[in-house]
Each structure stands twice: as C-alpha cells, then as structure tokens.
Amino acid sequence: MKTDLINISELSVQDPFSSIFPIGNETLESIAQDMETNGFDEIFPIIAWEGKNIVVDGHTRFAAAKAVGLEAVPVLFKAFENEDDAVLYSFHVQRNRRNISDEDILNCLALLDTIHGSTKEGSKDGSKQNRKETNEIRAKELGISPNKVDKARKVMEHGNEDIRESISSGEKSINKAFQEVQEARRESGEIKGPSTTGLGSAARYTQTLGKFLKELTRIKQDGWQDVSQEKALTDIESVKELIENSYPE
C-alpha cells in the first residue's frame, strides 16, 4: 500500500476520532523522544480519511511529530463511506493493539452503542436485539465478558457523575462502581432484594466519607466561615474516639 509524504499542516485532528482512546502523556513523550532521534518510522504511517485529510489512526504519532517539529509525515489515505464507517475502523485498529482500561470500556461502549444504534443494528432474522444479545456483541467487540459489559452499562445508566469520574481517574474499577450503584438503587427502593456481597456497607461508608471531605474542602476554601476550624477538628477527634473505643481488642 502506497504512502505519501504529506505536510503536517494539511492534516486535521477531530472528534470523535481523537477521543476514542485518549493520548497518554508517558506514551507521547516516549514516542516523541524516539522520533526526535530516529525520525518518523514509515512502516507505521498515519491513516487519514481520503478526501477529508482527517487523522483516523495515529493520533499519538501525529502529536509526537508536531512536538518535535516535523514538517511532513508519511500518510496512508483510506476511503470510508461515512463517519460511522471511519470511526469503527479507527476503534478496531486501536483496540487490537492495546490493553483496554475500564475508562476505555465506558467510552467505547457509549461510542459503539451510538454508532450501531444509528445503523439500526438488529439480530440476524431482522428482529430487535434484546439487552443480552447486544451485550454479547459488545463483549466480542471490546474483548471482555458480557457480564462486565452489563455492569458497565448499569454504571453508565444509573451512576452519578462522581462514580463515573472515579472510574476515569482509576480510583475505582467498573466492578467496584457497579456494587456502589446497585447498593444505592437498593437503598432508594428502585430495586428489591438484599445486597449480594458484603460491599454494601463499605460502599455507603466510602460515599459518605467522600461527601464529607468535599464539604470540608468547600468550607476550608471559604475561610472556615460556615464552620470554624476548631469545630471541625473537635468533630474529627470525636470520630476518632468513637472508632478507638469500639475497636475490638
């Protein structure tokens, strides 16, 4: 397949292609250092949408080339019928060469649902797919289990912004977030039945502590106007005494 040496200013980076798998700073720095020493490896050209010059694959290499001041880069132009076709190509190429994180799973699940929804994805006999069938298809696309897809979907549907951000930051896994979401739904009466694991109380404790720390941070930023620093320290000392006095010997 023939590649062309294209001026870097002629290429553009656009969503959704650039946000399918965000560029990691460490990876970018490593590639940039190698590129500065050895140049751009033409064996791995940038893939661009023919006729539009939009980068479809190779965003990290493109960013590294700009960072080290290259004026031209090797590009392989590829034709696509439409944006969904191009996005799916970009997703599958990138998916096959990386270990997908829990944050990636949420982002890619939403992306794939949007694309397949717009193309009216259905079962082989033309009937509408049920949730289980859809999860099985997404599991194959993402390279994970249908059970994890279902948990991720429930987190997306019922989790609040804090829960989703905790996955993005790496603070919580999809499994952990799922347990917290389900426990919150049980407490609200949305779903029935007891907790299936011992994580219910732990989840409530974590959520409550998180809210307390956020509120304490706000009060601190306001200069302890709502609650004095002395009052906050006294309350924390009371909590400490409660824990120490009830701790089993």
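Which strands does helix H2 lie across, and at about what angle does it run to E3? Helix H2 (residues 59-67) lies across E2, E3 and E4, running at about 125° to E3. Helices (H or I, at least four residues) and strands (E, at least two) are DSSP runs, numbered from the N terminus. Axes are lines fitted to C-alpha atoms, for helices over the stretch in contact, with angles from 0 to 180 degrees between N-to-C directions; contact means heavy atoms within 4.5 Å. The model is predicted, so that local features need pLDDT of at least 70 and side-chain atom pairs count only at pLDDT 80 or more, while totals for chains, interfaces and linings use all residues. Residues are numbered from 1 along each chain as its sequence is written, and side-chain values use heavy atoms, leaving out hydrogens and water.

Helix H3 (residues 83-95) also lies across E2, E3 and E4, but runs at about 40° to E3. The open sheet has 4 strands in the order E1-E4-E2-E3, with mixed pairing; two strands pair if DSSP finds at least two bridges between them. Strand E1 (4-7) and strand E3 (55-57) stand at the edges with a single partner strand each, so one side of each is left without a neighbour in the sheet. Strands E2 (residues 46-49) and E4 (residues 72-78) run parallel, joined by 4 bridges.

Among the contacts of Phe17, leaving aside neighbours within four places in sequence, are Trp49, Val55 and Ala86.
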